[in-house]
Amino acid sequence: MRRDQNPGFLFDSEDLAEEVEIDLDLRKDILFFAGSMAGWTHWEVLGLPWNAPADRVREAYLDRAKIFHPDRFTGRQLGSYRQRLARIFQRLTEARDALSSEVARAEYARTTAPPEEVARVAARQIENDDRARERRARIARSHPLVARMVRARELADRGRRALAEERFEDAARDLHTASALDAGVGDIRPLADQASRKAVAARAREIWEKARAAELQNDLDRAQLLAEQAAGIDPGDPRHGIYVAQLALGRGALETARSRAEEAVRAAPTLAAAHEVLGEVLAAQGDTAAARKALTRALEIAPSLPRAREQLRKLPWSFLR
Amino acid sequence: MSQDQPFIGIDLGTTNSAVATLVDGVPRLIPSRSGQSLTPSMVAVARNGKRLVGQMAKRQAITNAENTAYGAKRLIGRRWGSLEVEDARKVLPFELVPGPEGSDIRVVLGGRAFAIPELSALVLAELKADAEAFFGRRVTKAVITVPAYFNDGQRHATKDAGRIAGLEVVRIINEPTSAALAYGFGKQMEKRVVVFDLGGGTFDVSILDVGRSVYDVIAVGGDTYLGGEDFDRRIIDWLVQSFAEEHQGIDLREDKMALQRLRDAAERAKVELSEIEQAAILLPFLAGGGDGRAALHFDRQLTRSKLEELTLDLVQRAIAVTDRTLRDAGVRPGDVDEVLLVGGMTRMPGVQQAVRAFFGREPSRGVHPEEVVALGAAIQAQALLHPRGDKDILLLDVTPQNLGIMLVGGYFATIIPRNTTVPTSQAHLFTTVQDNQSSVRIAVLQGASEKAVENELLGEFVLDGIRPGQRGEVDIEVTFEISAEGIVGVSARDSGTGTRQSISVTATSGLSEPEMRRIMDENLDDLLARRQVGDFEKLRERTHAILSELESLAPAVKATLSRSRFGKDAVQRAEDVVARARGALADQDLQKLSAVEESLDRALQLFRGLATGAGPAPKEQA
């Protein structure tokens, strides 16, 4: 702790000039120590690297106590240095006391860690995590029951990932398998069901898109077939039924169209499009009153449906009903 | 260096004291002028009024029991009316009375009341004289040992005793630490040492880490009222009782001389039983038969096992204190590398057996239990007075008891916990509880109890002149310090303004400063009378007169100088002269005193001039 290594320290010339019976070098050491120690960690006070072990703490403490203990200056003129020496010794003792218990030392190390040390610890933590994962996998391979559980966990993870990426069929397959392997893997069952539903909807949607393509190519028979297929796959989605009804209406198969439209209204009484298509079918069949009722209902739900509005205007008024 | 300035280490014991020094770097006991290694800690006033100390006092103790004081150490620094003192009064053959302040204790010997430090001072002066005879020169610097468990008051009183004896007490150190010092002297080791110190009146146990020439005390414990005297008392009680049984209820306690003989015999038997299995106690003509009947003799055998039976609980008390101290420090008996036995009582086989059983190891026999403490004190004196740098030993001691203050409701708040390494300090914030409160009273205590009253009151501090302010707004920071000697200091500061606060202290035990002066003067008179130097006497009186006039002029001189830039160096010289004169007075050195006389006269002229502001201008002084 020679001051040469600490050129940043400013000595007060008045302090240095004070008439005391202490060598200049030691006077500088004392001034430097007393002036800097407030900002030092316990290790710095003892001149040790951060987190040095307890046995080195004792050694360093004794070495420094031998320099700064007030007893080393008995009978000498000390002036204001007396107070400084007492403070330094007390600071040394405080550092020793704080660092001689392993528990306290660890706690103190945590709160005083320098940034590079924090980074090092974090890196080691990640490394440790990786290693732990590897170890788990190794154990898994060697034991069937554990293997099953690990497999279930892996499948569940993969299924969740697939779900997030909207690969619903993969997700549904993995999640159902995981759930079957190990029922205890999280709340996997509802998630699996949800994935299944989404997979079905996606499949139906795919076929619906093909039906749309066929319709645009005016291949109405094929479109009708595909739309029926989609509705069959995902009967829970009324939009497929509506589409079937619309196609049937376009092709003049009014009975089919009507039964499909009525089904759609029953399945989704709050869906404007269902009422709209029913209204159109009824109008085509000439049941004006029923058509008006259906179309009005559609417009009540969604006032901006242009086709429904148009159809309603075209309907001849019948005051008989 | 030691050629210029002899130094000594003193073990001021309850029963015996010893003095040591270093000869050619080797610690060595200084024998008394009569050739003994130990000096009994006894003071007596003989029928002709002469003061007798040590061996001389002990020799006449039987015939002059009520004027022979012993065991002053058990009373030093204690308060009148305390449990220990009340207890002691019942069994001591000499009379105890309260001091003028009503708080300390006086011993009446030959019709004069002696303060306890005064008695200790007489023993110290005897040892000092022995040392002076040994060196052939004056000795003034000493390290004195006290039990580690002594509180601040007891340490203060011991220091006072040193001052009265004309010694500059360089340091008070703890006896067990001192013993460890002597044990470790010149050895290279790294060990955990326990010192088991059972002396004449006190019991101490200390745990130290010794190594790299540092003696680092980890923990201390003890009982200042457990020692050889208690063992003796058990024997005496047994003897008195068996005598009463034998002789139709004659109570030997009523006869002071008989009791003193019993005390002597009990101690002797106890010592003998450390060597042999059975000791005879034969005291012919112990009690007069009265009414013309034949005198009664006393003849009993005391066996070692009987002694052990009588004192079993005392030994167990010491072991219990040891156990508690180790627990305190988190040290298991098995962790200890060495157990040092110190104090005469550790010669008793029963004590050694108990220590062996507790630690599971053979205690060290390498040291002389009665001498080792004085030797350690001499080693420490050398290290403090003639430091040689890195090789020097360093003592790191701890404070034995919690230091704290009294809180509202009579509770004790610890400020510096026991076993804190000294020197140390701790600040504590006090605040006012009333608007414009101008003073705060703080009671400072030492002890282990949660209740303030069960601890030793060191003193009361009154903070005065607190700046006016709303209650709770003025914070006073009081700093409590414990020096390396275990002596407590208190200072205060207004933490708002940073100004220092005045503190007045009412010590509750020990001597007041004027009384100290009176006793010291008296002692000086005593010494002078003995030396019979009439010339010196006259010169002394004259010097005293000049010094006191100088002192009375000092304030006026200071006032004059504060207005002028002249004469500061002249006054400095005058002060040097005064210091030399005081030194010569203290040394009772006639030659030096005559040499300084002329300069002193001139200093007086100068001061007179300065004080009136019209005298001769300051001029160069010789």
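What covers the buried residues of helix H11(A)? The covering elements include helix H10 (188-216) and helix H12 (238-250) of chain A. The model is predicted: local features require pLDDT of at least 70 and side-chain atom pairs count only at pLDDT 80 or more, whereas totals for chains, interfaces and linings use all residues. Residues are numbered from 1 along each chain as its sequence is written, while chains are lettered from A and ligands numbered from 1 in the order in which they are written.

**View 1. Helix H11 of chain A and its buried residues.** Chain A has 16 helices and zero strands; helices (H or I, at least four residues) and strands (E, at least two) are DSSP runs, numbered from the N terminus. Of its 321 residues, 31% count as buried. A residue is buried if 20 or more other C-beta atoms lie within 10 Å of its own, exposed if 12 or fewer, and partly exposed in between, with C-beta atoms placed from the backbone. In H11(A), the buried residues are Ala223(A), Gln224(A), Leu226(A), Ala227(A), Glu228(A), Ala230(A) and Ala231(A).

**View 2. Strand E15 of chain B and its two partners.** Nine of the 10 residues of E15(B) (214-223) are buried. Strand E14(B) (203-211) runs antiparallel to E15(B), joined to it by nine bridges; two strands pair if DSSP finds at least two bridges between them. Asp204(B) has Gly222(B) as its bridge partner. Two residues separate the strands of this hairpin, and Arg212(B) in the turn has a positive phi of about 55 degrees. Strand E19(B) (394-396) runs parallel to E15(B), with three bridges between them, and Val214(B) stands opposite Leu394(B).

**View 3. The side of chain B that touches chain A.** Here 15 residues of chain B are in contact with 13 residues of chain A, contact meaning that the C-beta atoms, placed from the backbone, lie within 7 Å. Helix H10 (372-385), E19 and strand E22 (424-431) of chain B each give two or more residues to this side. E19(B) gives the most, with three residues.

**View 4. The hairpin of strands E25 and E26 of chain B.** E25(B) (475-482) and E26(B) (488-494) pair in the antiparallel sense over seven bridges. Glu477(B) has Arg493(B) as its bridge partner. Five residues lie between the strands, and Gly486(B) takes a positive phi near 85 degrees.

**View 5. An open sheet of three strands in chain B.** The strands follow the order E6-E5-E7 with antiparallel pairing. E6 and E7 (68-70) are the edge strands, each pairing on one side only. Between E5(B) and E7(B) there are three bridges, and Met42(B) stands opposite Tyr70(B). Helix H3(B) (116-135) packs on the sheet and touches E5, E6 and E7, its direction making about 65 degrees with that of E6(B); axes are lines fitted to C-alpha atoms, for helices over the stretch in contact, and angles run from 0 to 180 degrees between N-to-C directions. Asn48(B) lies in the loop between E5 (42-45) and E6 (51-53). Asn48(B) is exposed because 6 other C-beta atoms lie within 10 Å.

Terms used:
Two residues are in contact if their C-beta atoms, placed from the backbone, lie within 7 Å.
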